[in-house]
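Subject: Structure handover

Hello,

Here is the structure you are taking over. My notes follow it.

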Amino acid sequence: MMRRFPYKPGGGWLTFVFWIVASLITLFPIYWMFVVSAKSRVELFGAPNFIIRSFFVENYTATLTNPTFQRYMVNSIIISTANALLVTTLALFATYALSRYRLVGKENIFFWTITNRMAPPAVFLLPLFLLFTQTFTIGSFSLYDTRIGLVLLYCVFNLPFAIWTLRGIIDAIPKELDEAAMVDGCNTWQVLTGVILPLARPGLAVTAILTWVFAWNEYLFAATLTSVNARTITTGLAEFVTVTGTNWGQMAATASLTLVPALVFLGLVQRHIVAGLTFGAVKE
Amino acid sequence: MLRLFRPIQHHSNLDRPVPMRSPITGWLLLAPTLVILLVFGLGPFIYVLVVGFTNWNSFAADPTAHFAGVQNFRRLVFDDAFLHSLWLTFGFTFFAVLSEIVLGYLLAQLLMRDIPFKGFFRTIHTLPLMVAPIAVGATWRLLTVPGLGPLPYYLDRWFGFDLRIGSFADQAFAATVIMDVWHWTPLVTLTLLAAISSLPKEPFEQAQIDGASRLQVFWYITLPLLKPAILATVFIRVMDALRTVDEVWMLTGGGPAAATRYVGLHIWRVVFPKTDYGYGAAMSLLTLYVTILLCWLMYVALVARRELPRSE
């Protein structure tokens with residue numbers, strides 16, 4: 001690769017050692033959590049021990065066999081997956097409309113979407129709580145404590161992200177391709193599924209994965225807008241704190257479980273996460 | 001590269017007739033997105049705006065909402081607990097973001113050098129960004145809990161330092177800042193790395209020929225060229241730090257006492273048990289207003305004094 005920044009040529013072993021130390025600092029809290037999750041209560045007393053001699057599986061099985069936690073995990077998986085699918089589909093439609101159609105004020109709409117992602121969530125807890133419990137109700141059904149409620153709500157911060165990520169990808173697909181398909185008699189749906197979808201597939205996959213992870217990681221809304229049925233794994237993890245005499249091993253095991261998707265997807269999306277977290281302001 | 005807060009101008013061929021593209025289809029494609037964002041994004045905002053001017057409290061003797069004018073806001077200005085939490089939030093944001101920018105810049109420069117396993121280090125560095133904030137809080141709690149965590153143990157053994165973030169307000173505050181630095185410095189690093197990699201070569205070569213010192217190069221060339229990227233990163237980080245809730249809730253629970261009860265936690269913990277909806281809405285509104293005001297002040301102080309720097 002061409003070095004484009006000429007003012008500090010060469011690496012040097014000092015930089016290398018520095019990065020090893022920096023990586024250890026980054027990994028240490030996560031490693032320690034894993035260590036705690038592999039130990040029984042008795043082993044955790046006394047001086048900290050960083051080596052895992054025997055793996056205490058009970059911490060994990062206690063969480064995985066607990067019906068409440070099973071429900072939390074299933075909820076998290078369903079909500080994240082439904083949200084990722086919904087957001088990616090709607091964002092594909094929206095970006096295609098913004099990219100290809102002459103719509104009045106479409107650049108303003110494009111910019112307005114991102115403002116939904118900037119507002120502090122704590123500000124909207126109270127109005128959302130009131131809307132979910134009292135306004136968005138049909139008979140005895142309310143959005144409060146439902147999975148569908150969270151799926152729709154997560155769209156507020158995930159849709160802008162997906163639209164801003166996909167915009168560049170859809171714009172990069174030559175207009176001539178879908179126009180040729182239209183001349184050949186394809187309708188809009190056929191153009192979207194037959195021309196745009198195959199070409200945008202890698203971008204759509206990354207968008208879907210990051211959307212999934214953001215939904216999986218969300219805590220504040222899930223904690224406020226659910227009580228029993230729709231609780232997610234992050235709220236389950238937080239519940240360990242309020243219980244007196246915390247079972248640290250089991251808490252660490254649960255935290256490790258919430259980390260699994262991040263570890264699985266890290267390699268796939270690491271190049272795109274910065275664009276995602278900076279509202280698409282920074283492209284690598 | 002940088003296009004924050006600036007809608008992109010697209011070079012579409014507006015003169016050319018597009019076959020069979022009626023705006024109605026476009027609006028139909030856009031409709032579901034707009035409906036969801038209006039109902040769940042703009043809706044709550046309008047709702048909180050209305051409720052903020054009422055005295056609605058569902059547990060009060062009169063549980064219905066009545067217009068109360070600016071009464072809630074007048075009460076808020078003298079609410080010491082709320083003002084204290086705002087002040088704490090500013091302190092937290094200041095120390096966290098400042099450390100992240102400095103550290104992130106250094107790390108980005110060090111990633112520019114040719115070292116073995118660069119991609120590997122970079123991947124590890126990205127990991128904290130993917131971790132759920134609530135899990136970040138959990139890991140740092142496991143590190144700092146007395147009797148379990150290695151931090152209190154070794155600090156006491158090697159330096160005789162008594163680390164108890166559950167008892168000492170300063171330590172709890174510092175712990176939340178350090179945790180935030182651990183979590184978010186990678187974002188700054190990767191953002192600035194992208195900016196540094198796209199810097200032009202010529203000014204640096206010219207400076208080298210002219211015999212400029214490293215400090216001069218940094219101050220007169222690198223910093224001005226990186227200014228737009230640094231500013232964009234600062235804005236993003238400030239907005240995020242002001243709304244931090246999950247990690248801090250998990251690490252300290254807002255304590256000891258109210259030492260780390262940042263404004264998001266304050267709204268959450270104070271308003272919901274009391275069901276004082278009118279007052280809570282006013283608190284939310286003021287928080288939003290202060291966030292916007294702070295960003296605007298920063299914008300004026302850092303950017304608007306001179307012409308807005310262009311990065312492209």
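Chain B has twelve helices and zero strands. From the N terminus on, its elements read α-α-α-α-α-α-α-α-α-α-α-α. Please keep in mind that this is a predicted model.

Burial and contacts in chain B come next. The chain has 312 residues, and buried ones make up 41% of them. Take the contacts in chain B between residues at least 6 apart in sequence: 73% of these join residues at least 24 apart.

Now the interface. Chain B puts 89 residues into its contact with chain A, and chain A puts in 89 residues. On the chain B side, helix H1 (residues 23-51) gives the largest share, 17 residues. Sorted by class, that side of chain B holds 62 nonpolar residues, 19 polar ones and eight charged ones.

Chain A has a domain assignment. Domain 1 covers 1-56, and domain 2 covers 58-277. The C-alpha centres of these two domains of chain A are 31 Å apart. Their contact draws nine residues from domain 1 of chain A and eight residues from domain 2 of chain A. The domain 1 side of that contact splits into five nonpolar, two polar and two charged residues.

The one in chain A is A:Asp145. Its phi is near 60°, a positive value in a residue other than glycine. Where does A:Asp145 sit? A:Asp145 is in the loop between strand S2 (141-142) and helix H6 (147-172) of chain A. Is A:Asp145 buried, exposed or partly exposed? It has 16 other C-beta atoms within 10 Å, so A:Asp145 counts as partly exposed. The cut-offs behind that are 20 or more for buried and 12 or fewer for exposed.

The one in chain B is B:Phe117. Phi of B:Phe117 is also near 60°, again a positive value in a residue other than glycine.

Best wishes

Methods: Residues are numbered from 1 along each chain as its sequence is written. Chains are lettered from A and ligands numbered from 1 in the order in which they are written. This is a predicted model: local features need pLDDT of at least 70, side-chain atom pairs count only at pLDDT 80 or more; totals for chains, interfaces and linings use all residues. Two residues are in contact if their C-beta atoms, placed from the backbone, lie within 7 Å. Helices (H or I, at least four residues) and strands (E, at least two) are DSSP runs, numbered from the N terminus. Ala, Val, Leu, Ile, Met, Phe, Trp, Tyr, Cys and Pro count as nonpolar, Asp, Glu, Lys and Arg as charged, and the others, Gly among them, as polar. Domain bounds come from an automatic or database domain assignment.
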